[in-house]
Structure formats: structure tokens, C-alpha cells
Amino acid sequence: MPIARNKLARSIAPAAVAAALILTTLGAAVPASAATPAGDSAQALPGTHPAWATPQADAGAADAAAPATARIYLAGRDADGLAALARAVSDPDSAAYGRYLSSDQVQAKFGATPQQVKAVTDWVTGAGLTVSASTNHYVQVAGSTAAMAKAFGTGFHNYRTADGTHRAPASDAKVPAAVAGSVLAVSGLADAIHRNSSNATSVRGAEQRANAASRLAAPDKKAPATLPDVPTCSEDGYGSKTAKGAPDGYEKNEPFAPCSYVPSQLRKAYGVSDAKVTGKGARVAIIDAYGLSTMEQDADHFSSLHGDQPFKPGQYTEYVTPDQWTHEDECGGPAGWAGEEALDVEMVHGLAPDAQVVYVGGNSCYDEDLYDAMAKVVDGHLADVVSNSWGEIMHGTTGDIDPAVVAADNQIFQLGAVTGIGFTFSSGDCGDSSPGAAATGANCQTETDQAQADWPSASPWVTSVGGTALQLDNKGGKYGDEVSMGDLRSVLSADQKSWSPFPGTFYFGGGGGVSKDFAQPWYQQGVVPDKVSKTAADGTASKTPLRATPDIAMSGDLVAATLVGFTDGGAYSEGGYGGTSVSAPETAAMFADAIQARGGRALGFANPALYDRAGSKAFNDVNDGAVHTKRGNVVDLGVVSGSLRVRLYKIGADYGLSASKGYDTATGLGSPGKDFFKSFTLRK
């Protein structure tokens with residue numbers, strides 16, 4: 001059974017790979033005492049001097065003549081009012097619920113004024129910088145490092161890091177008092193590492209990385225003669241085909257992993273077929289980097305091969321700008337994102353076959369380009385739901401996430417909410433994202449320094465989507481059961497008589513956890529217990545409740561993979577994919593179906609409505625300790641790099657997370673249950 005890892009990594013604040021919140025080239029002296037903005041009332045921008053820029057790492061002043069760029073995000077008008085309205089229109093208990101504004105109304109009420117833009121422009125040009133781009137959301141500036149130092153009141157130094165020498169402000173940047181109220185945040189002042197990876201890749205890449213990371217044995221010998229000599233899976237679900245001849249593992253007579261699920265099976269399992277909903281009248285946007293030139297025809301071909309209808313004329317739209325693509329080497333290029341894009345498009349179309357699908361490709365995997373893609377959807381109101389299968393750790397050995405990323409993203413999410421647009425984000429594939437998980441996990445950021453919830457999944461303004469291992473009812477293919485998405489992995493030993501190592505090491509698991517960076521949002525009150533919300537993922541105790549993730553979960557486990565097809569290297573092929581990158585577009589499609597179920601009314605930011613249904617039959621309460629069907633530790637027999645490999649997986653074994661009764665940090669409220677759509681026909 002081909003599988004794929006969910007590549008999770010968005011921008012990490014400082015120094016791991018290539019710069020995204022860009023401030024380019026370094027060099028000769030800009031004194032730390034460079035001119036500051038006029039007056040002592042200049043406002044500091046906390047976090048613009050990164051933690052990794054220590055005195056011990058200081059390699060001297062940067063080159064005053066080196067070119068530099070930065071992005072100044074605009075605060076707009078009435079930030080508090082924006083947050084309040086975003087809550088009101090999203091809360092079923094509010095009189096303003098569902099009373100969304102148009103994009104023009106939002107700009108008029110909350111957008112930056114021409115006077116604010118002029119004030120910011122006058123400030124930076126007066127310091128010698130040039131405005132290279134300007135939108136409703138930001139002013140992009142370019143110029144010399146000396147001019148940047150003058151504008152932001154700080155010198156720039158080079159600092160030694162494990163990733164080489166990088167430039168950063170010698171102290172927190174400052175903004176003149178006259179424009180401070182117009183500035184939300186500034187990105188790009190540190191020469192940091194800010195790039196994203198897609199949440200899916202091919203089985204070959206996943207296995208090769210996992211073998212290297214976990215140092216597992218990977219014998220090239222054929223499987224025992226009593227096992228099949230071709231890739232094999234259980235056609236009728238968990239346990240329908242036994243791996244006879246395989247060594248005993250977690251139980252005797254281990255079954256083969258189920259064959260990769262196709263959309264019709266997922267529709268049946270999650271009640272889409274019974275509810276007779278198709279997402280008609282709803283629009284789903286998908287954001288990834290770059291774009292696959294054959295996407296629509298590949299999706300049509302995939303649908304036709306598996307008994308579904310291709311896109312109708314005009315049902316699929318894409319916005320890509322190949323002439324503006326950049327950072328392809330660092331990001332893996334279009335080919336590196338092709339599997340993710342195909343997965344997202346085919347999952348949305350598969351679970352909501354009549355919904356309009358809009359693909360928006362960022363010009364790279366860097367923060368600013370993915371932000372621009374999100375802003376395009378919101379400003380043009382291109383969709384009702386936005387699916388995103390990418391993310392990043394917030395804290396690591398190379399530093400913390402850039403505060404500007406958090407501020408700018410949250411503002412976009414709030415702007416989306418007031419116009420009736422909701423965002424789903426995958427929660428990650430590294431369990432609790434701790435160093436322990438990263439030691440062997442196939443899709444972990446190794447620079448993590450603590451257990452944590454990932455970004456943007458941790459934002460209180462998005463729907464964080466976790467993963468499950470879905471088990472179908474072998475008698476009819478309907479929903480059987482689920483456990484949390486998490487796998488321990490072993491491979492057949494060289495002598496073919498045992499599994500190595502045994503018990504297996506952590507390989508892959510749904511993300512989640514309590515974020516120490518955000519207070520508990522109002523919609524989690526009374527649902528997420530204090531024993532969960534008052535302890536952050538890293539063990540830090542809090543006197544007040546914190547944001548817990550995920551909010552909801554759906555099928556995504558690697559050993560209960562989902563089939564995806566696309567053109568790679570000139571030829572169309574199909575393979576199984578897994579990870580919360582599967583779960584996020586599935587959930588976005590379910591929201592599209594829910595919009596149809598509620599008569600075409602936009603769902604907007606869905607979390608308040610979801611938590612309003614907590615504990616009801618709208619959700620399957622995923623509970624690892626109360627599985628009603630055979631859990632299904634499985635043998636996977638497939639081809640990796642031209643060799644037949646036999647692997648053993650223990651499922652329901654996430655790292656640092658587990659599913660329990662009620663809300664939990666592995667699966668949130670649970671997965672959509674039998675009354676999920678019915679609840680939207682009867683309630684707000």
C-alpha cells in the first residue's frame with residue numbers, strides 16, 4: 001500500500017534553511033547607534049530582535065550598503081472592533097450571528113485609511129527606503145541596510161548560528177509615534193528562515209526519510225515465501241486479509257493494512273451519502289505553493305476512474321502566476337507540491353462533488369507568499385471555506401516564530417470571519433511536536449525544543465484539524481470505528497523472523513496539544529476541561545485556560561491511507577497518501593456539505609458552531625480506550641525504491657497524545673458523526 005508523509009513546516013523564526021521574511025545580503029558596518037525615529041516616544045516592536053541574536057554570537061556590524069527588504073503590515077482601523085465583530089458573527093448565541101459584511105464594507109470599516117498609508121509611506125521614504133509594493137494590508141519597502149537602520153531605529157549585526165551567519169536588528173526595531181497606530185507588525189528585519197513545506201509526498205520520500213531518521217533496518221531481501229510477493233492490502237477493510245507467514249507482532253496473525261480509501265468510501269463512512277449532500281452552492285478554496293499544470297484534468301481522470309463525476313465546466317478555477325514563482329530550490333518547486341495539491345483538490349471534490357473549487361497557489365512556500373494567497377481569497381471573497389495543509393512549530397532551537405507572522409495571519413483570519421469565510425488548517429503529523437517525537441518521526445521539524453501546538457493550527461481563529469485511523473464496517477463499508485492517528489513502526493528483520501525494532505518506534509501521528517501562546521477562546525469554555533486547558537503541551541502550568549488543539553479530526557492515518565492520482569514526470573499515477581493534510585481538505589469539504597444542509601447559508605468561522613454541538617451525535621467521540629472493533633495493528637507490504645518491503649504498524653499510538661472520552665488533544669471534539677449534517681438543518 002503506497003503511503004505518503006504529511007510534510008509539515010512553515011516558517012520558523014530564525015535560521016534553519018532559506019530566508020522568507022526576507023532581509024537580504026549582509027556585510028560592512030551599520031553602527032548599533034544608527035539614527036532612531038524622531039522623538040523618545042518611538043514605539044518598540046517586540047520580537048524583531050530575535051533570541052538567537054545574542055552578544056556571544058555577534059559577528060559584527062552588517063554592511064551598510066547591502067540591499068534589504070521588509071514588509072510593514074497595516075493595523076487598519078479599530079482592531080478591537082474587528083475582533084469583536086468576528087466573534088459576534090461567528091457565535092450562534094449572538095444576535096449578529098451570520099450577519100456578514102461584504103469585502104467592500106470590511107475595507108471601509110476596518111481597512112487602513114489613505115491617510116494611514118500615506119503616513120507610513122512618508123516615514124519610510126523619508127528614511128531613504130523605496131516602496132516596492134502596497135496593498136490593503138501592507139507596505140513593502142526596499143533599500144540599503146543603512147536606510148533600514150535609519151527607519152527602524154536600530155543597527156543591524158551579523159550573528160553566528162548553526163546554519164551559518166545571519167543578520168538581525170541589534171535591538172528591537174522602533175516605529176515613530178506618529179505612525180505607530182497604523183503599524184500592526186513588521187516582518188523581514190531579521191535574516192531568518194521562513195519557508196513552508198506541503199503536507200504530502202510520495203511513499204519513496206517518506207520511507208527514505210524515515211529510514212534515515214529512525215535508523216531502522218530496511219532489508220532488500222524478498223518477503224518470506226508464505227507472504228505474497230507483490231504489494232498487498234485488505235480490500236474489505238481492517239482484518240479482511242491476514243498476513244499469513246509474517247512473524248508475530250503486537251498480536252498473532254496480523255492483518256494487511258486496508259487498501260487506500262477512495263472518496264466514495266469516505267462519503268459513506270462520514271454520512272455524506274446518507275445525507276444526500278454534495279456541497280452544492282458552496283465554494284472551497286485550497287491554498288498551497290505553486291501549481292500543477294494538469295490539475296483539473298488529473299482530478300477529472302481520478303474521479304472517472306473511481307466512479308465519480310468530473311468537474312463540470314466552470315466548477316474548478318485556479319489562480320497561479322508561474323512567471324512570479326520564486327525560491328523553487330528551497331521549496332521543492334511545483335513538483336514537490338504536486339502531490340499535496342492533487343490530494344487537496346481531489347479530497348474536496350470527492351467529499352463535496354458539487355462545490356465550487358478554487359485553487360490559489362502561493363508564489364513560493366515562504367510566509368509572505370502564502371499570506372498573499374490567503375489575502376487574495378479574503379479580499380476577493382473567492383470562497384466560503386479555505387483548506388490549508390501546511391504549518392510550523394512556534395518554538396525551536398533556532399528561535400521562536402516571528403510575531404509578525406502571527407499578527408498578520410490572525411488579522412486575515414478575522415477579516416475572513418466577518419465576511420463569512422472560515423479557514424481549516426492541518427494540525428501536523430508529529431504528535432506533540434516534541435524532541436522525542438522528532439527523534440524518529442517521519443514528518444517532524446528536528447529543531448523543535450519542546451512539546452507544542454503548531455501554527456497556524458494554534459490560532460484561536462481557525463479550525464484545527466487532527467487525524468484519525470478510520471476503520472470501515474467490513475460488512476457494508478460504513479463507519480466502523482476510529483482511533484487517534486499515530487503509528488509505531490517496525491520493519492521485517494534481516495533474517496525475516498522478527499520485527500526490528502520491536503516494539504516499533506514512533507513514525508507518524510496527528511498533531512495537537514495546548515498552546516501556551518494563546519488564551520482559551522470563548523467557544524472552548526465549558527467544553528475543554530481545566531485539567532486539559534491549564535497545562536500547556538510542554539508541561540507549563542497556567543493559572544488561566546489556554547487554547548487547545550485540534551478542534552475536530554478526520555481520517556488521515558498512513559496505514560488507512562487515501563488514494564490520490566496526478567501526473568508526475570509526464571505520466572498519471574496513483575498512490576496512497578496520509579496525514580492531517582488529508583484531514584484538512586476532508587473537513588473543508590464537510591463544511592461545504594454543511595452549508596448546503598443549512599440552506600446555502602455560509603458557515604463562516606465554524607468553531608463556535610462546532611463546540612455548540614459538543615457531546616452530541618453530531619460527532620463520533622474518538623476514544624482509544626473504548627474501541628468497539630478490532631483495532632487493527634497491520635502489516636504493510638509494498639515496494640519502496642524498487643524493493644519489496646514488509647513493515648509492521650501499531651496504530652492508535654500517537655506520541656504524547658491520545659484520544660479519550662470527550663474533548664482530547666488528539667482528536668478534539670471527534671470526527672463528524674451520524675447527525676453532523678442533520679444538526680445543521682435543525683440548528684444555527
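Ser-387 touches Ala-285, Ile-286, Ile-287, Thr-424, Ala-584, Pro-585 and Ala-588, leaving aside residues up to four places away in sequence; contact means heavy atoms within 4.5 Å. This is a predicted model, in which local features need pLDDT of at least 70, side-chain atom pairs count only at pLDDT 80 or more, and totals for chains, interfaces and linings use all residues. Residues are numbered from 1 along each chain as its sequence is written, and side-chain values use heavy atoms, with hydrogens and water left out.

Ser-387 lies in strand β15 (residues 385-388); a strand is a DSSP run of E with at least two residues, a helix one of H or I with at least four, both numbered from the N terminus. Ser-387 counts as buried because its relative accessibility is 0%, where buried means under 20% relative accessible area, exposed over 50% and partly exposed in between (1.4 Å probe, protein chains only).

The largest nonpolar core has 119 residues, of which Ile-287, Ile-412, Phe-413, Phe-423 and Phe-676 touch the most other members. Such a core is a set of buried Ala, Val, Leu, Ile, Met, Phe, Trp, Tyr and Cys residues joined through side-chain atoms within 4.5 Å. Helix α16 (residues 580-597) gives the most to this core, with nine residues. Apart from it lies another core, of 27 residues, including Ala-127 and Phe-156.

The chain has a mean pLDDT of 88, and 88% of its residues reach 70 or more; pLDDT is the predictor's confidence in each residue, from 0 to 100. It stays under 50 over residues 1-36, and pLDDT is also under 50 over residues 198-221. Where pLDDT is low, the predicted coordinates should not be read in detail.
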